Amino acid sequence: MVATQIQLLAFDLDGTLVDSAQGIVDTVNQVLAEHGFAGAEYSQIAPWIGLPLQVFWERLTDFLPENYAILTERYRTIYREIAIPSSRLFAGVAETISELKSAGYRLTIASSKITPVSAAVLRQVGLLDYFDLLLGNDSVSQPKPHAEMLEKTLAYFGLNSTQALMIGDTTHDITLGHNAQVASVAVTTGTHDLATLSAAQPVAIVTQLSELPAWLAQNAQR
């Protein structure tokens, strides 16, 4: 057993539910090009997905931190216009989320996106109504992988850390879980490979989200 009674499942969005990595990389590169910076390869940018956008600007531009907002605003504009309309779920995600909701779990989002963008993506893929709470970087003072996002989630529902599970595709998600003393399950549909995820020590690793209900049935007491 990983917990006395799992009641809440907190999901990362990009790479966990939604196949969005290429859209994010393309959007970052368009912002860079518009501001006179060299583009970056997918292999360079992809591992950073799940971290705040300022990480991209710190590593890929010579903008001063006080000017990052210019890049971030342009990124969000492009993302709304291009990436959100093309957002697609990984295979089996819709059915899995429906199954977990029907089983009585509270479902939440813990994403580095700002909440309105997460809501727009979930609306685009038809999942928004399944989630009880969305938290993003606009909801916290200290972004992922700091514990604050999960701590706020738990406080909202009046739960403790043993009653929740964090599900994500990167070490940033697993570290978030560790920092909040919440068990984590990694899924290998995102940008971090099996060895990288294993090193972060989640309680389990699944190859696709559709394996999660069976894992919960076997390992998490209800």
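Visitor: How do the axes of helix 1 and helix 3 cross?
Guide: This is a predicted model. In it, the axes of helix 1 (residues 21-34) and helix 3 (residues 53-60) come within 12 Å and cross at roughly 45 degrees. That angle makes helix 1 oblique to helix 3.

Visitor: Left-handed or right-handed?
Guide: The crossing of helix 1 and helix 3 is right-handed.

Visitor: Which residues meet there?
Guide: From helix 1, Val-28, Val-31 and Leu-32; from helix 3, Phe-56, Trp-57 and Leu-60. By class, the residues of this contact are six nonpolar, no polar and no charged.

Visitor: What about helix 1 and helix 4, at what angle do they pack?
Guide: At about 130 degrees, with the axes of helix 1 and helix 4 9 Å apart. So helix 1 is oblique to helix 4. Helix 1 passes helix 4 in a right-handed crossing.

Visitor: And which residues of helix 1 and helix 4 meet?
Guide: Helix 1 brings Ile-24, Thr-27, Val-28, Gln-30, Val-31 and Glu-34. On the helix 4 side they meet Leu-71, Arg-74, Tyr-75, Ile-78, Tyr-79, Ile-82 and Ala-83. The contact of helix 1 with helix 4 has nine nonpolar, two polar and two charged residues.

Visitor: Tyr-75 and Tyr-79 are both in that list. How far apart are they in helix 4?
Guide: Tyr-75 and Tyr-79 are four residues apart, and therefore separated by about one helical turn. Both are buried.

Visitor: New topic: how many aromatic pairs are there in the whole structure?
Guide: A search finds six aromatic pairs. One of them is Phe-11 with Phe-131: the ring centres are 6.2 Å apart and the planes are at 90 degrees, so this pair is edge-to-face.

Visitor: Where do Phe-11 and Phe-131 lie?
Guide: Phe-11 is in strand 1 (residues 8-11), while Phe-131 is in the loop between helix 6 and strand 3, so the pair ties together parts that are 120 residues apart in sequence.

Visitor: Are those two buried or exposed?
Guide: Phe-11 has 0% relative accessibility, so it counts as buried. Phe-131 has a relative accessible area of 9%, and is buried because the cut-off is under 20%.

Visitor: Back to the tyrosines. Is their pair stacked or edge-to-face?
Guide: Tyr-75 and Tyr-79 are stacked, at 5.7 Å centre to centre with 15 degrees between the planes. Together with Trp-57 they form one aromatic cluster.

Visitor: Last one, helix 6. Which residues are buried?
Guide: In helix 6 (residues 115-124), the buried ones are Thr-115, Val-117, Ser-118, Ala-119, Val-121 and Leu-122.

Visitor: What covers them?
Guide: The cover includes helix 4 (68-83), strand 2 (106-110) and strand 3 (133-135).

Visitor: And what follows helix 6?
Guide: Gly-126, whose phi is positive, near 80 degrees.

Terms used. Residues numbered from 1 in each chain as written. Predicted model: local features only at pLDDT ≥ 70, side-chain atom pairs only at ≥ 80, totals over all residues. Heavy atoms only, no water. Buried < 20%, exposed > 50% of the residue type's maximum accessible area, 1.4 Å probe, protein only. Helix = DSSP H or I, 4+ residues; strand = E, 2+ residues; numbered from the N terminus. Contact = heavy atoms within 4.5 Å. Axes fitted to C-alpha atoms, helices over the stretch in contact; angles between N-to-C directions. Parallel < 35°, antiparallel > 145°, perpendicular 65-115°, else oblique. Left-handed = near helix turned anticlockwise from the far one by under 90°. Nonpolar A, V, L, I, M, F, W, Y, C, P; charged D, E, K, R; others polar. Phe/Tyr/Trp six-rings, centres within 6.5 Å; stacked < 30°, edge-to-face > 60°.
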